[in-house]
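Visitor: I am new to this structure. Please take one part of it and go through that part closely.

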Amino acid sequence: MDDLQDLYQQLILDHNKSPRNLGKLEDYNRQAQGYNPLCGDKLQVFLHVEDGIVKDISFEGSGCAISTASASLMTQSVKGKTVEQARATFESFHQMLTEDSDNESDESALGKLVVFSGVCKYPARVKCATLAWHTVNAALSDSVKPVSTE
Ligand code: ZN
């Protein structure tokens, strides 16, 4: 077993078991819902955005280990970022999972999110991993339509 992949897996399992920022924010001003029909993952994100900064963020939902861990890590990553930074992180994350390249230059910006880099080998799982990000992106855009990965 590759040590690094093993470490990544541990982190995903840990975030699935004890998701960070779980539960509805009391004081949110943006929210969006996401659904991945392929796997049955459902989630809702709540954001408190003030002066263009994501002051607080949380999520609720039910889904597979990858979608839950990804939502948990997404909230940690986005919290405290500006809306532009959060969008840029979404783009980098999406690229890492959907583009077949060995470009590792973005990985420093992604931090812990690189744990999902192995997911690109499993196309069905990519939707699980990106669901939280599509959802938060919709919330940042003030979209009222529920997000679907289909
Ligand atoms: Zn899933």
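Guide: Strands S2 and S3 run antiparallel and are joined by nine bridges; two strands count as paired if DSSP finds at least two bridges between them. Helices (H or I, at least four residues) and strands (E, at least two) are DSSP runs, numbered from the N terminus. This is a predicted model, in which local features need pLDDT of at least 70 and side-chain atom pairs count only at pLDDT 80 or more, while totals for chains, interfaces and linings use all residues. Residues are numbered from 1 along each chain as its sequence is written, and side-chain values use heavy atoms, with hydrogens and water left out.

The open sheet has four strands in the order S3-S2-S1-S4, with mixed pairing. Its edge strands, S3 (53–62) and S4 (147–148), each pair on one side only. Helix H2 (residues 65–78) lies across S2 and S3, at about 170° to S3; such angles run from 0 to 180 degrees between N-to-C directions, with axes fitted to C-alpha atoms, for helices over the stretch in contact (heavy atoms within 4.5 Å).

Asp 41 is buried, at 1% relative accessible area, and Cys 128 is buried at 0%; buried means under 20%, exposed over 50% and partly exposed in between (1.4 Å probe, protein chains only).
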